[in-house]
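Please find my notes on this model below, as numbered points.

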Amino acid sequence: MPPACFCSSNPASTSISKFISDQPFLSLLETNCHTIKDLTKIHAQLIKTGLAKDTIAVSRVLAFCAAPGPARNLDYAFSVFSHIEKPNLFTWNTIIRGFCQSSHPHVAISLFVDMLTNSTVHPENLTYPSVFKAYTQLGLARDGAQLHGRIIKLGFEHDPFIRNSIIHMYADCGLFGSARKLFDESVDTNVVAWNSMVMGLAKCGEVDESWRLFCKIPCRNDISWNTMISGYVRNGKWVDALSLFAEMQQRQIRPSEFTLVSMLNACAKLGALEQGKWIHRYIKKSDINNIDRNTIVATAIIDMYCKCGDIKTARQVFQSTPQKALSGWNSMILGLATNGFEEEAFQLFTELEQSSNLNPDSVSFIGVLTASNHSVRVDKAREYFKVMKETYGIEPTIKHYGCLVDVLGRAGLIEQAAEVIKSMPMKPDAIIWGSLLSACRRCRDVGVAELAARNLLLAGPDETSAHVLMSNVYAASGDFKKAVNERTKMKKKKMEKQPGCSFIEVDGEVHEFLSGGDLGYYY
């Protein structure tokens, strides 16, 4: 850490160390301060002794509460910063970096502007990466491009940290022309820039191009592998993700927490239970960031077991998780609902309401509405719909309305389902019209079916299910002429029914089956 960071007089680093060691409370800050409560006590003593006015002392206090970690408190950090009479470059950089790494990156940009307009201290090369990161988090690459212009004027464009942060901003926000131009112009492009381009391309759906770029990285690091795997999962290429993960393991490259979550999601999508179990064992063995307290990883494990049909293990993981996040409750409720344990889903929702310190959110209600749907409990669906709006003030989304329409349709209440669709505050999508049309086939309600089919085709002119379901409705009602006519319309439009796709895992190997297609073998 450069000595100039601490105070304007630029003391040598040895002088700084001696100064800290000579001050008991500053020494405590370095050795025995672990929480914000500890910090406030030490800070109070620094204020009493007058040391709080010293640049070195206040810099250490600010760095402690602004840095990422369990003791971070940006409100306290901002208060400390506001009381510094003449902030130096280190304190400006510390507070800006603190907010750029938070959920309030706009504050980092505001502080940077304040630094430019109201301070005698000018930003230097260590200041700018944090500001570009804030623009990236906000998705404001076009605004960040103006700051890029300032960088060029100041002659900082060849600084590798600044250049990498600009490439990352452009790539993450989808401005690939600007990202590629800067990337290609770089003489000494390092792996950070390569990773940013791979990530940006995958994020915007260009996963094949992302893979081609990944293959060209001259010296990949663990982030390169983690980024590519996450990109595959993001784009639904789960088999490719599993294959690349297997290669990563063969090369003994340690996956990140986020990669393991991505792989658990891939296993969930593929129904690859054995591979999911292996990843779970790997996580427990490696103790990724204290698995018992990592709610993101715990939720991904629960979700994987639920989607692979292993409800027993999902329950065990859920029950053994000491700090249950709402996402974990939601995954377990939905898992029970979709695996034939509807009553247990209702009970767990009640437990969430009564025994936890959490309130259900919109996803929680999708879980119990799904349980109501699968058990054809119209009374439960109406009750939860009412509670969601009146008790918790949650406005139903199109997914909630879809669940309600589906359960009414399954119960044969076609007219009521149609009324719900008419009452929706948003435009019904193809899924809702398809749900109503499917219900009409079971109940042989040709009139409502024709209404649903017309709207389904308006929602998606290439939607083959409208013709297929309408043909089935006509056939079920005995009108075979119209049933054949619907099939004829599909042929004239050169529309083909999308083939079904299934995945089966045998001895840890995932096999993909397409109706009418070949058998594929994947790891």
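1. A cavity here is a set of points, on a 1 Å grid over the protein atoms alone, where a 1.4 Å probe fits but cannot get out; lining residues have an atom within 4 Å of a point. This is a predicted model, in which local features need pLDDT of at least 70, side-chain atom pairs count only at pLDDT 80 or more, and totals for chains, interfaces and linings use all residues. Residues are numbered from 1 along each chain as its sequence is written, and side-chain values use heavy atoms, with hydrogens and water left out.

2. The structure holds one cavity of 30 Å³ or more. The largest cavity contains about 50 Å³ of space, a volume being the space filled by probe spheres set on points joined across faces, edges and corners. Its lining consists of Thr295, Ala298, Thr299, Ile302, Phe318, Thr321, Gln323, Lys324, Ala325 and Gly328. Helix α18 (residues 295-307) supplies the largest share of that lining, four residues. Helices are DSSP runs of H or I with at least four residues, strands are runs of E with at least two, and both are numbered from the N terminus.

3. A pocket is an open set of points with protein on both sides within 12 Å along at least five of seven lines. About 930 Å³ of space lies in the largest pocket. Of its 25 lining residues, Lys133, His168, Val192, Ser196 and Met199 lie nearest the centre. Two or more lining residues come from each of α8 (128-138), α10 (160-172), α12 (191-203) and α14 (222-234); α12 gives the most, seven.

4. Beyond its neighbours within four places in sequence, Leu436 is in contact (heavy atoms within 4.5 Å) with Ile414, Ala417, Ala418, Ile421, Val448 and Ala452.

5. There are zero disulfides in the structure, a disulfide being a pair of cysteine sulfur atoms within 2.5 Å. For Cys267, the nearest cysteine sulfur belongs to Cys308, 6.7 Å away. Cys267 is buried at 0% relative accessibility, and Cys403 is buried at 12%. Buried means under 20% relative accessible area, with a 1.4 Å probe and protein chains only.

6. The chain has 29 helices and three strands. Of its 523 residues, 46% count as buried. Among contacts between residues at least 6 apart in sequence, 56% join residues at least 24 apart.

Methods: Buried means under 20% relative accessible area, exposed over 50%, partly exposed in between (1.4 Å probe, protein chains only).
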